[in-house]
Amino acid sequence: MADDLKTADAFATSWNNLPAGSVYTHEQFEDWFAPLTRADAEGRTVLELGCGNGSLLFHMARWQPAQLEGIDLGASVLSARRNMSAQDNPRWVVNQGDLTSYRGAPRDLVYSIGVLHHLQQPRIGFESVLANTRAGGRFHCWVYAREGNGVILWVVDPIRRVVSHLPWWFTKYAVATPLSVPYFCYAKLLRRFRRWTWLRRLPLFDYSLWIAERDFAFFRHVAFDQLVTPSTVYLDRATIEGWLREHPRVKPGSTYVIFRNGNSWKFGGVAQ
Ligand SMILES: C[S@@+](CC[C@H](N)C(=O)[O-])C[C@H]1O[C@@H](n2cnc3c(N)ncnc32)[C@H](O)[C@@H]1O
């Protein structure tokens, strides 16, 4: 918990220093949730574990859940509440708390996107996702993959281990910003020449095409997000399949594990 708090404080420096609104487009949001769709949330009770500045809650509200709650350990709840106040949908609440021990009324849909891989014990986070999902309800998670992230593991992660201990403004402006420039050019070039099939062998090809849709500010946000956190693990497919197979509350035959953008995993299913 103490180490998760360090992570949450680091993220709050990221989330609380952004312009108002969601950092994601609605299209990105839908892509993160597929195979889930609006029908899985509309009129239902929905919980996000690790909601940051409410960037996903913001779009989830448009799917008209009956009740929407976000939990985060850090001070990013302040910007999450500010962002959600701008919503037409009034049925939301953002609470500050530790997701690993959080137990509310079981919900129809529980999701955790970009969070479990930052916990000291990712599996405990996964158990909390299940513990908060009602029998027959759905759960959905997204994590960094060990597969397809060689460059990140060998180049970016060692930098993160050092700069995550430095002041956030230094990491953002003196490290993340200049590092984003060459990657921004690389991703835009890959997108421009994406039909050249041999380019597909280059590192982060699929991911780069995805992020190349966005402007430089988003690249920098992602780079800062990667570098500011003191704790990150990269999860392989076998680990996720093991979690799904071994957890007694996961309904057999209901699960999916999807490799997303060549470097991350979306997974979920139905609780029993
Ligand atoms: C990368 S952000 C993801 C935010 C949001 N899900 C999104 O995709 O935009 C990870 C978030 O998890 C939160 N977090 C980390 N450990 C936590 C814990 N133990 N309990 C609750 N939130 C936690 C951090 O504060 C941070 O806001």
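Trainee: How do the residues of the shell around the ligand divide into nonpolar, polar and charged?

Mentor: The shell around the ligand divides into 10 nonpolar, 9 polar and 4 charged residues, where Ala, Val, Leu, Ile, Met, Phe, Trp, Tyr, Cys and Pro count as nonpolar, Asp, Glu, Lys and Arg as charged, and the others, Gly among them, as polar. Bear in mind that this is a predicted model, in which local features need pLDDT of at least 70 and side-chain atom pairs count only at pLDDT 80 or more, while totals for chains, interfaces and linings use all residues. Residues are numbered from 1 along each chain as its sequence is written.

Trainee: Which residues come nearest to the ligand?

Mentor: Of the 23 residues around the ligand, those that come nearest are A8, G50, G52, L73 and L99, and a residue is near a molecule if its C-beta atom, placed from the backbone, lies within 6 Å of it.

Trainee: And which element gives the largest share of that shell?

Mentor: That is α1, with 4 residues; α1 (2-15), α3 (55-60) and β2 (67-72) each supply at least two. Helices (H or I, at least four residues) and strands (E, at least two) are DSSP runs, numbered from the N terminus.

Trainee: Switching to S128, where is its place, and why does it count as buried?

Mentor: S128 is in helix α5 (residues 122-131), and it counts as buried because it has 23 C-beta neighbours inside 10 Å. The cut-offs are 20 or more other C-beta atoms within 10 Å for buried, 12 or fewer for exposed, and partly exposed in between, with C-beta atoms placed from the backbone.

Trainee: What does S128 touch?

Mentor: Leaving out residues up to four places away in sequence, S128 touches L49, L99, T100 and Y102, contact being C-beta atoms, placed from the backbone, within 7 Å.

Trainee: What about the largest nonpolar core, which members touch the most others?

Mentor: L57, M60 and C141 do, out of 62 residues; such a core is a set of buried Ala, Val, Leu, Ile, Met, Phe, Trp, Tyr and Cys residues joined through C-beta atoms within 7 Å. Helix α7 (residues 168-192) gives the most to this core, 6 residues.

Trainee: Last one, how many residues are in contact between domain 1 and domain 2?

Mentor: In domain 1 (2-146 + 234-270) and domain 2 (150-228), bounds that come from an automatic or database domain assignment, 10 residues of domain 1 are in contact with 13 residues of domain 2. The side of domain 1 that touches domain 2 has 5 nonpolar, 5 polar and no charged residues.

Notes
Two residues are in contact if their C-beta atoms, placed from the backbone, lie within 7 Å.
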